[in-house]
Amino acid sequence: LPVLEEKAVGEMVDRVDDDARQLGVLMRRTGWQLDHAVLRSVLAWVVAGLTWWPAWFAFPLVAVLAAVLVRPLTRVIAERKLAEEAAWSDHSAQLEEAVAGRDDVRSSLGQPHVVRQYALRAREVLRRVAATCAASTQVGIRTGLVLHGMLAALAVAGAALVGGGRLGLAELVTLWLLVTTFAGQLSNI
């Protein structure tokens, strides 16, 4: 209770009202998207492996490489996202406190103070959102390099294999479609 007494009313309302709902939506959406992406990736891997045997090894190797490259950044993203959520809560609390005390603010000519505090918190929210986006962008770049490297390797090797008669054009097109599907789903994961 002593900790809660120090919290702004708006922050408490934001925590009680929005956090549980937001967590539920995030878990449902993330769970659905993750299940969907894993299923499509596994299916692409199986069909690619049946089409061309090296795919049995290439798909898991690329997936592990991508995971190893982005794993250190996931902690950074989590920390930055947590700081971002705290800034959003402070922002909401300040606004709700100002609305709750609007008569006092108006009668004491406190509007400049309220607007300044709102602007300061909004600036902090934007700063933290930018930091989270920068870390997420790094994950996308690292994953993209690995996945696009796989696509480039398939294009070069596929052209050589088709030219040498060891792979048919239909199999190459099938592999290309499966690899692009796999790359897209792995990127989502």
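Where is the place of A37? A37 sits in helix 2, and the points below start from the whole chain and come back to this residue.

1. **What you are looking at.** This is a predicted model, in which local features need pLDDT of at least 70, side-chain atom pairs count only at pLDDT 80 or more, and totals for chains, interfaces and linings use all residues. Residues are numbered from 1 along each chain as its sequence is written, and side-chain values use heavy atoms, with hydrogens and water left out.

2. **The overall fold.** The protein chain has six helices and zero strands. Its pattern along the sequence reads α-α-α-α-α-α. Here helices (H or I, at least four residues) and strands (E, at least two) are DSSP runs, numbered from the N terminus. Of the 189 residues, 26% count as buried. Buried means under 20% relative accessible area, exposed means over 50%, and partly exposed is in between (1.4 Å probe, protein chains only). Take the contacts between residues at least 6 apart in sequence: 77% of them join residues at least 24 apart. A contact means heavy atoms within 4.5 Å.

3. **Two tryptophans.** The structure holds three aromatic pairs. One of them is W45 with W56: the ring centres are 5.3 Å apart and the planes stand at 80 degrees, so this pair is edge-to-face. For the terms, rings of Phe, Tyr and Trp (its six-membered ring) pair if their centres lie within 6.5 Å; planes under 30 degrees apart count as stacked, over 60 as edge-to-face and the rest as tilted. W45 belongs to helix 2 (residues 9-51) and W56 to helix 3 (residues 55-100), so the pair ties together parts that are eleven residues apart in sequence. W45 is partly exposed, at 27% relative accessibility, and W56 is partly exposed too, at 30%.

4. **Two phenylalanines.** F59 and F182 make a tilted pair, 4.3 Å centre to centre with 35 degrees between the planes. F59 is in helix 3 and F182 in helix 6 (residues 169-188), so this pair ties together parts that are 123 residues apart in sequence. F59 is buried at 2% relative accessibility, and F182 is buried at 5%. Leaving aside neighbours within four places in sequence, F59 is in contact with A44, W45, A48, M150, L178, V179 and F182.

5. **The nonpolar core.** Which residues have the most contacts inside the largest nonpolar core? They are A48, F59, V62, M150, V179, F182 and L186, in a core of 20 residues. Such a core is a set of buried Ala, Val, Leu, Ile, Met, Phe, Trp, Tyr and Cys residues joined through side-chain atoms within 4.5 Å. Helix 2, helix 3, helix 5 (111-163) and helix 6 each supply at least two residues. Helix 6 gives the most, with seven.

6. **The largest pocket.** This pocket holds about 1200 Å³ of space. On a 1 Å grid over the protein atoms alone, a pocket is an open set of points where a 1.4 Å probe fits, with protein on both sides within 12 Å along at least five of seven lines; lining residues have an atom within 4 Å of a point. Grid points are joined across faces, edges and corners, and the volume is the space filled by probe spheres set on the points. Of its 31 lining residues, L26, T30, I77, N188 and I189 lie nearest the centre. Helix 2 provides the largest share of the lining, twelve residues. The lining divides into 14 nonpolar, twelve polar and five charged residues. In this count Ala, Val, Leu, Ile, Met, Phe, Trp, Tyr, Cys and Pro are nonpolar, Asp, Glu, Lys and Arg are charged, and the others, Gly among them, are polar.

7. **The second largest pocket.** The volume here is about 210 Å³. Its lining includes L95, R102, G110 and P112. Helix 5 gives the most to this lining, with four residues.

8. T132 lies in helix 5 and is buried, with a relative accessible area of 7%. Not counting residues up to four places away in sequence, T132 touches R80, K81 and E84. A37 is buried as well, at 2% relative accessibility. With the neighbours up to four places away again left out, A37 touches Q185 and I189. A37 and Q185 are 148 residues apart in sequence, yet 5.0 Å apart in space, C-alpha to C-alpha.
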